[in-house]
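Please read this short report alongside the sequence and the 3D view.

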Amino acid sequence: MTRGICILGATGSIGKSTLDVVARHPDQFRIVALTGNHRVAAMQALCAQHHPELVVMAAPEAAQQLRVALRDAGLKHIRVESGREALAEAARMPGVDEVMAAIVGAAGLLPTLAAVESGKKVYLANKECLVMAGSLFMERVRHHQVILLPIDSEHNAVFQCFAEGKGVRRILLTASGGPFRTWPVERLAAVTPDQACAHPNWVMGRKISVDSATMMNKGLEVIEAHWLFNLPASQIDVLIHPQSIIHSMVEYVDGSVLAQLGNPDMRTPIAHALAYPERMESGVSSLDLARGPDLQFEEPDLRRFPCLALAFNALKAGGAAATVLNAANEMAVQAFLDGTLPFSRIAAVVEDTLSELQPAAPDHLDAVLAVDQLARETAVRHLGRHGSGMQ
Ligand code: NAD
Ligand code: MG
């Protein structure tokens, strides 16, 4: 029996790596549903290769163009829908057994929750779900008794080293430090989106690439680790490791440190999760430690990377601080990518939004969405101040 797969965010970097792994094992998987946003040609190519039953494009005009393109290509048996509710419908489809949650940002929360609430096994790449709604999300996971497996390479590494979680002293999330780790801080004001997205070790979507360059990505991952592994901030450390060979470590009370290593290729954590508790081929080459680069480690410099400190503080503050942090960061990163905010002001927009808003912990989904919306509106005002003078 093959397992039916839905990929939320199929046209993205994680989506493509997932399809690459799945296509190596046609005896085990069948693609039932794929979702995208507005990239019609990319989705058309995926349809021709994987023949899903349902495709959802978040943007209605993209869905209409895709219908025409599929009809012209002789693929009109593939149903095309659009809009938010249809994204959730893709995740809930009866023929879907397992859902890869790989939409970027808050837009992934509702469809990923739909997967959880319909009892699907969930592979979580979309870390923003846990940052904005960690308590509620994990409560739903427990309530529906679904299997949730981490795709983020660090969390997948911790999961592989975590055993039953007994006697853990701390976890060490490794971070590459991004493209600007060694740049003079004064030069950061003038960096361009393309420079920020040129990650030294990973090819990823633009939002997570910018997050890696500010190290907000590691901050989001600290919060993600808190929810996934039920550890306080005091037991989560970040270590810069520019080569991205060690994907993270777990230290035990007896002094043992377990690490997971591999070439930096997301197909490894994806294949690990898809096969768990077995193992499967991923297409990733062997790690050659003798011929590879020397492995280096250093402490993160919080003056260079203020976003990392903001995320740690938001986790410690509790309440809805992480929801605010995530929303303000999404707005600031988009403004930077649009050329209206300098790279070096991303942290300031997030910090100012966090100082202005201290909402109580949201206890239901509508409250989370309301805080997210309020934080976005507040961030827009701060964007106006910090972005003035830009082209
Ligand atoms: P990406 O930008 O390459 O792809 C994002 C996907 O989400 C695309 O399919 C896009 O169509 C879809 N999408 C974007 N906005 C949407 C919206 N409003 N509604 C519906 N769909 C929308 O991003 P990515 O690099 O693949 O990252 C996806 C997620 O995985 C992110 O949360 C990221 O943090 C996480 N992640 C990525 C990597 C990586 O190596 N790329 C590693 C770890 C975690
Ligand atoms: Mg990661």
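## A helix across the sheet

Helix 7 (residues 153–161) lies across strand 8, strand 10 and strand 11. Helix 7 runs at about 40 degrees to strand 10. Helices (H or I, at least four residues) and strands (E, at least two) are DSSP runs, numbered from the N terminus. Axes are lines fitted to C-alpha atoms, for helices over the stretch in contact, and angles run from 0 to 180 degrees between N-to-C directions.

This is a predicted model: local features need pLDDT of at least 70, side-chain atom pairs count only at pLDDT 80 or more, and totals for chains, interfaces and linings use all residues. Residues are numbered from 1 along each chain as its sequence is written, while chains are lettered from A and ligands numbered from 1 in the order in which they are written.

Four strands form an open sheet with mixed pairing, in the order 9-8-10-11. Strand 9 (236–240) and strand 11 (257–261) are at the edges with a single partner strand each, so one side of each has no neighbour in the sheet. Neighbouring strands are turned by 20 degrees against each other on average, direction ignored.

Strand 8 (residues 168–175) pairs with strand 10 (residues 246–252) in the antiparallel sense, over four bridges. Two strands pair if DSSP finds at least two bridges between them. Ile-171 has Val-250 of strand 10 as its bridge partner.

## Two domains

The protein chain is divided into domain 1 (3–125) and domain 2 (155–387). These bounds come from an automatic or database domain assignment. The C-alpha centres of the two domains lie 26 Å apart.

In all, 13 residues of domain 1 are in contact with 19 residues of domain 2 (C-beta atoms, placed from the backbone, within 7 Å). On the domain 1 side, helix 1 gives the largest share, six residues.

## Around ligand 1

Which domains give residues to the shell around ligand 1? Domain 1 and domain 2 both do, so ligand 1 lies between them. Helix 1 (residues 13–23) gives the most to this shell, with three residues.

There are 25 residues around ligand 1 (C-beta atom, placed from the backbone, within 6 Å). Gly-9, Gly-12, Asn-37, Met-204 and Gly-205 come nearest.

## Two packed helices

Helix 9 (residues 206–214) packs against helix 10 (residues 216–229) at about 95 degrees, with axes 5 Å apart. That makes the two helices roughly perpendicular (65 to 115 degrees; under 35 is roughly parallel, over 145 roughly antiparallel, and the rest oblique). Helix 9 makes the contact with Ile-208, Asp-211, Ser-212 and Thr-214. Helix 10 brings Met-216, Asn-217 and Leu-220.

Definitions and conventions
Contact = placed C-beta atoms within 7 Å.
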